[in-house]
Amino acid sequence: MLMQLNFEGIAVGAASLLIIGAFHPLVIWCEYHFTQRVWPVFLIAGLLFLCGALFVQGLISIVLGLLGAGCLWSIRELKEQAHRVERGWFPKNPKRK
């Protein structure tokens, strides 16, 4: 008798790592170029991804949910990144005053 393997959990884990890994430098880049005032873009994108997750099924729904949650979490991280820049842990954009 053959055992059937399910790869959905591995796919969700891999997608989680990729999304988290992508959002970390994205937050740093957005804060550097646009300041933390770009947070409404993350809010709208997060809500759109979460709404999209409601209308599809399977792995796509899960990935959209992860993207939505990542966008919403990035709002907090933008504020934290601004604090890290103030502390000198990350470079400040010299074009900003």
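Reader: Is Leu5 buried or exposed?

Author: Leu5 counts as exposed because its relative accessibility is 52%; exposed means over 50% relative accessible area, buried under 20% and partly exposed in between, with a 1.4 Å probe and protein chains only. The model is predicted, so local features need pLDDT of at least 70 and side-chain atom pairs count only at pLDDT 80 or more, while totals for chains, interfaces and linings use all residues. Residues are numbered from 1 along each chain as its sequence is written, and side-chain values use heavy atoms, without hydrogens and water.

Reader: Where does Leu5 lie?

Author: Leu5 is in the segment before α1 (8-34). Helices are DSSP runs of H or I with at least four residues, numbered from the N terminus.

Reader: Turning to the core, which residues make up the largest nonpolar one?

Author: That core has 9 residues: Ile19, Phe23, Val27, Cys30, Val38, Phe42, Cys71, Ile75 and Leu78. A nonpolar core is a set of buried Ala, Val, Leu, Ile, Met, Phe, Trp, Tyr and Cys residues joined through side-chain atoms within 4.5 Å.

Reader: Which elements give two or more residues to this core?

Author: They are α1 and α3 (59-86). The largest share, 4 residues, comes from α1.

Reader: What is Ile19 in contact with, leaving aside neighbours within four places in sequence?

Author: Ile19 is in contact (heavy atoms within 4.5 Å) with Val63, Leu66 and Leu67.

Reader: And Ile60, where is that?

Author: Ile60 lies in helix α3 and is exposed, with a relative accessible area of 55%. Ile60 and Leu72 are 12 residues apart in sequence and 18 Å apart in space, C-alpha to C-alpha.
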